[in-house]
Amino acid sequence: MASFSVLFWNIWLDNQINGPPNAAILLKEITSIYKKYEPDYIGLNEVLQNTKSDKPFISNHLNKIGYDNIYYAPASPLNDSWLIGSLAATKLKVISNENICLGNDIPAERRGYKGHTLKALSLKIRIKPKDNVTIIVVHPVFLRPFTLKSHYQQTKMLDKHIRNHSNIDNLIVGGDINEPKNMPKSFAHITKDYLTHKTGSIKQPTWSLNGKDYIPLKANLDKIFWATNGKIKLNKFEVIDSKISDHKPIYAEFMIN
């Protein structure tokens, strides 16, 4: 058996777009979380890349703290200065990587940027000489009346991709799924025959409006999924009490047969 740890976090675009002071606080928090948990894999949502740069500044920081293999899947321009997307990082050997197209980026179209797609980012990672795991970080479009149809199409596309995966037994999916617990036809519901999942609780929700604990609008939008066949066993799950994003990081440790 091999142990493996993952961390998923929507780091919030506000932390990156509002200037160096906010960015410095974010990077300091990433370092602090890394030193405490040292996850084998990190999956991030709402990662920004300046259009004049060849990579997100988050990538440079992750590289400095030891993550040699970093992949970025931009979805669309947030504005003329920034791209937004998801990022995956690991210290372990990456056998293959893939961007999974989920569908059109409807909010980007409303911002005036047509022809862009939201993507899930998949890495196949070598844990030990004979042990591999595939991890997908995903961030389907947020829920609004004008995005609801597109959201369902994207989660169905992800479900279809996973069901056709060649090694579904050793697969983990995580990120900001943008679905509250009791949402009808949610990704958790349509995959319950082959995936189980963990998320936050009433006392420890993964998201609160504008990151404010005292605001009653809260939900468990961030989730980690894995196969129900018993090859991947959850040893530990934690919602990390970080207060700098509107989402909290979620951390899990697994044993893989």
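Predicted model: local features only at pLDDT ≥ 70, side-chain atom pairs only at ≥ 80, totals over all residues.
How do the residues of the lining of the second largest pocket divide into nonpolar, polar and charged? They divide into five nonpolar, eight polar and eight charged.

## The largest pocket

The volume of the largest pocket is about 700 Å³. Its lining is made up of 33 residues. Nearest the centre of this pocket lie Glu46, His139, Phe142, Asp176 and Asn178.

Several strands take part in the lining. Strand 3 (69-77), strand 4 (82-90) and strand 6 (117-128) supply at least two residues each. Strand 3 gives the most, with four residues. By class, the lining of the largest pocket holds 17 nonpolar, eight polar and eight charged residues.

## The second largest pocket

The second largest pocket contains about 250 Å³ of space. It is lined by 21 residues, and those closest to its centre are Ser208, Gly211, Asp213, Ser242 and Lys248.

## Helix 2 and helix 3

Two packed helices are described by the angle between their axes and the distance between the axes. For helix 2 (residues 20-37) and helix 3 (residues 57-64), the axes come within 11 Å and the crossing angle is roughly 35 degrees. The crossing is right-handed.

Which residues make the contact? On the side of helix 2 they are Ala23, Leu26, Leu27, Ile30 and Thr31. On the side of helix 3 they are Phe57, Ile58, His61 and Leu62. Seven residues of this contact are nonpolar and two are polar, while none is charged.

## The cavity

How many cavities of 30 Å³ or more are there? The count comes to one. The largest cavity has a volume of about 60 Å³. Its lining consists of Leu7, Trp9, Ile30, Ile33, Tyr34, Pro39, Ile42, Leu44 and Leu62. By class, these are nine nonpolar residues, with no polar and no charged ones.

Strand 1 (2-10), helix 2 and strand 2 (41-50) each supply at least two residues of the cavity lining. Helix 2 gives the most, with three residues.

Notes. Residues numbered from 1 in each chain as written. Heavy atoms only, no water. 1 Å grid on protein atoms, 1.4 Å probe; cavity = no way out; pocket = protein on both sides within 12 Å on 5 of 7 lines; lining within 4 Å. Points joined across faces, edges and corners; volume = space filled by probe spheres on them. Nonpolar A, V, L, I, M, F, W, Y, C, P; charged D, E, K, R; others polar. Axes fitted to C-alpha atoms, helices over the stretch in contact; angles between N-to-C directions. Left-handed = near helix turned anticlockwise from the far one by under 90°. Contact = heavy atoms within 4.5 Å.
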